[in-house]
Amino acid sequence: MHGFDWIAEDGAGRAEAGAASARLGGHRLVPLATALLEADGRILHWSAEAEELTGHPADRAVGAYAARLLAPEGMRAKVHELFQEIMAGSGWSGVHAIRHSDGSSVELEFHTYPIAGPGGQPLLLVTASDVRTLRQVEADLAVLDGLFNQSPIGMAVYDTDLRFVRLNHALAKINGLTVDEHLGRRVSSLLPGLNSAEVEAVMRQVLTTGRPVVDARSHGRTPGDPRRDRAWSASYFRLEDSTGRVLGVSSNLIDVTERFQAEARAARAQERLALLAEATARIGTTLDLQRTAEELIEAVIPRFADFATVDLLEPVLRGEEPAPIHPERPVLVRAVAVGEAYEAGLTRAADAVGATTEYDAQRVYTQCLRSGRPLLRSHVDEEVLRGLVPTSDRVAPGVEAGVHSYLMVPVLARGMVLGGAEFVRTRNPEPFTAADVALAEELVARAALAIDNARLYRRERETALTLQRSLLPQEIHRTLGLEIAHRYLPSSLVSEVGGDWFDVVPLSCGRVALVVGDVMGHGIRAAATMGQLRTVARTLATLDLPPEQVLTRLDETASAIGEGQFATCVCLVYDPVDRTCLVASAGHLPPVRVAADGSSSPVDLPPGLPLGVGGATFESIEFTLPVGATVALYTDGLVERRGQDLDVGIGLLARTLSGRSRTLEESADAVLATLVADGTDDDIAMILARALPVPAERIATLHLTGEGPLASQARRFARSTLQAWGLAVHADFTELMVSELVTNALLHADAPRRLRLYRDDRTLTVEVADAGGHSPRLRSSAEHDEGGRGMHLVSELAHRWGTRPTKEGKVVWAEIELPLRAGG
């Protein structure tokens, strides 16, 4: 059943209201999906728009249960519960994510209408629209509203029948009628006193040809001024949607009534419109605050002013919201853009870019900022100029430059004063007029919005960078047998904050985990996801999980975050005792290994799928890192360049790291100098690790094989080793722990294989390797039990203890903290 021919009257009315929300002026902007469900949730009707939004064709959807078709398995119970509540009579509207046929998640805005079918059968009519499309339409409408509400120029939109669809209050005031009196009516029926036939003929021409008409004259009398003939200059252009479908005509209209000034005013109006159109395309092209101010200066010089400057309040430059200007306090502004059409000397007399000026509370500049209204001085002489400048020493240069007209417009955005824009005429003989004030306000308003967006973005970027940096390691752990150098370089693009991270995680027995990852995407969301994944990766690594298991758990975490968050990651665990590296990758670029002789090459590593795909399996490989050899982990921002294969960048990295003459820090600097000489479009994280020899007095190993009491052999070995190391004060505790660990292996594993003592500057580690596969655990033991207390004793004596799997079985380890004076 692909359609239906009936809907209850009440349901139809509400459905039409819902459809209206997706329309503007009779033209649908947002696909509106409709579906009809039975009381048990089975689909009766499935519109073409529903097929488009969900990817499920009607022949598959009709007859299926909506919850099974659209809801993830874990959400079906809640969806069913909500469905029952709706069918019980409580209507529901809201945003909910559904499962697309391709497996992705799509957010839709739903409206539900319980209705009665034939014979009183309860049914549910559902409408849905894509949230992203709705929000885009809302944003577009908000921009349109702002343009209409703020523009002092008469503006109108007509449909294809030339009826008013929308107009601003400026045009309504010109015509002397309310906005509502215009809507749905044509110019010929609404304003019979005008040359309506000519006006509508021009609009029909624009509709037919698509060519805009500028400076089309209309004249006559309106209800706004019924006793006087007036003239207007109007510009028309055709409105089309993204598919090329003609929607109607838009007009801008200005008054050019005075006959003797008609031609001059028309020419100036046309120039202003052209300037406004060009400035609209020029201003706000970046999210850089200073560049936006410079674009405003470039737009007005020399066509509008001979000299101009934009000054902003200090809090704005810091990304903060400025406080209201106090009526009794001076105001401090900083020059961010200055421009001059001719070498008249005003640039030298004004503040240089970056300089600050303090205006007294009683200065007209300060009063203008406080009021938020423009300040016009059509004719400027020395006395007027003295009241405009901040200090008297600037009067003479202004007079010498020939300043004769001055206009200052506060930079206002979202009700806040951000600063001021000043416009001066010297060689242009025409003084600024009220029309110039309107144009300047329009230009400054556009720049103000872009400046405020830049301010907000700067604050957001600083927040993201602070978050990102706080989530990166603040101190790199030093480990025996491994020298580490690291670099983190943010993107050189102002608009980018990435999700790259690195970490160095100290593990038991001197081992260390090196982790480098890259969250796909940019912004605060990517940085926050990076923080979550880094925290989880660090936690998993400290549990002594092998790299492939760390990535498996990270994949589960990334999948749980949802919203299409994916990341690549490489995890490497280095053991300084046997100099082995165990490494696994989740869609990340391969590490680069540099041998002790200086030769280098990428590590042949199974790439794996990125984190967040879900259900991926990962594989670790093992290789040896001899003394003097180096391994490099990095993110793609280091080697990826537009139009260049990744292998080229990886090869350049390998060649840069080759050679034996540099220190590790020098190698890191050389990599950045070679591969990132001109900045990068993406964040860069890099770790270089070089194997060092571990002093013999730091490690002692006893192979537990052969006959005899192994526990007593281990105790004697431990005591003699600690005495040789100058740690005899810890011998009793260590001997007791060794005895318990070896005995536990004898009782519960296939037998101990090796005892190893390892010390660094902070800890003494006891390791017992055995062939068993089960980790020891703390068991409760009764008072009369003869055993079961060994691991409790180890837990009490050790700073920390744990286990890790090996190819032959497992290792049980325990650590004792050493006083700082014992290190060395």
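Which residue in E11 does arginine 217 stand opposite? In this predicted model, arginine 217 faces serine 233 of E11. Residues are numbered from 1 along each chain as its sequence is written, and side-chain values rest on heavy atoms, with hydrogens and water left out. Because the model is predicted, local features need pLDDT of at least 70 and side-chain atom pairs count only at pLDDT 80 or more, whereas totals for chains, interfaces and linings use all residues.

Strand E10 (residues 213-222) and strand E11 (residues 225-240) run antiparallel and are joined by seven bridges; two strands are taken to pair if DSSP finds at least two bridges between them. Helices (H or I, at least four residues) and strands (E, at least two) are DSSP runs, numbered from the N terminus.

An open sheet of five strands has the order E4-E3-E7-E6-E5, and its pairing is antiparallel. Strand E4 (43-46) and strand E5 (93-99) stand at the edges, each with a single partner strand, so one side of each lacks a neighbour in the sheet. The twist from one strand to the next averages 30 degrees. Within this sheet, strand E3 (residues 33-38) is joined to strand E7 (residues 122-130) by six antiparallel bridges, and leucine 36 has leucine 125 in E7 as its bridge partner. Helix H5 (residues 76-87) lies across E3, E5, strand E6 (105-116) and E7, at about 120 degrees to E7. Contact means heavy atoms within 4.5 Å; axes are lines fitted to C-alpha atoms, for helices over the stretch in contact, and angles run from 0 to 180 degrees between N-to-C directions.

Another open sheet consists of five strands in the order E20-E21-E22-E23-E26, with antiparallel pairing. Its edge strands, E20 (499-506) and E26 (620-624), each pair on one side only. Neighbouring strands are turned by 15 degrees against each other on average, direction ignored. Eight bridges link E20 to strand E21 (residues 512-519) in the antiparallel sense, and valine 505 has alanine 513 in E21 as its bridge partner. Helix H19 (residues 524-542) packs on the sheet and touches E20, E21 and strand E22 (567-575), its direction making about 20 degrees with that of E20. Helix H20 (residues 547-561) lies across E22, strand E23 (580-586) and E26, running at about 25 degrees to E23.

The largest nonpolar core has 60 residues, and those with the most contacts inside it are Leu296, Phe304, Val310, Leu312 and Phe423. Such a core is a set of buried Ala, Val, Leu, Ile, Met, Phe, Trp, Tyr and Cys residues joined through side-chain atoms within 4.5 Å; buried means under 20% relative accessible area, exposed over 50%, and partly exposed in between (1.4 Å probe, protein chains only). Helix H18 (residues 434-471) supplies the largest share of this core, nine residues. Residues up to four places away in sequence excluded, leucine 312 touches Leu289, Leu317, Val333, Arg334, Val336, Leu418, Gly419 and Ile451. A second, separate core of 29 residues includes Leu722, Trp725, Val738 and Ala745.

The structure holds zero disulfides, a disulfide being a pair of cysteine sulfur atoms within 2.5 Å. For cysteine 569, the nearest cysteine sulfur, that of cysteine 571, is 6.4 Å away. Cysteine 569 counts as buried because its relative accessibility is 0%.
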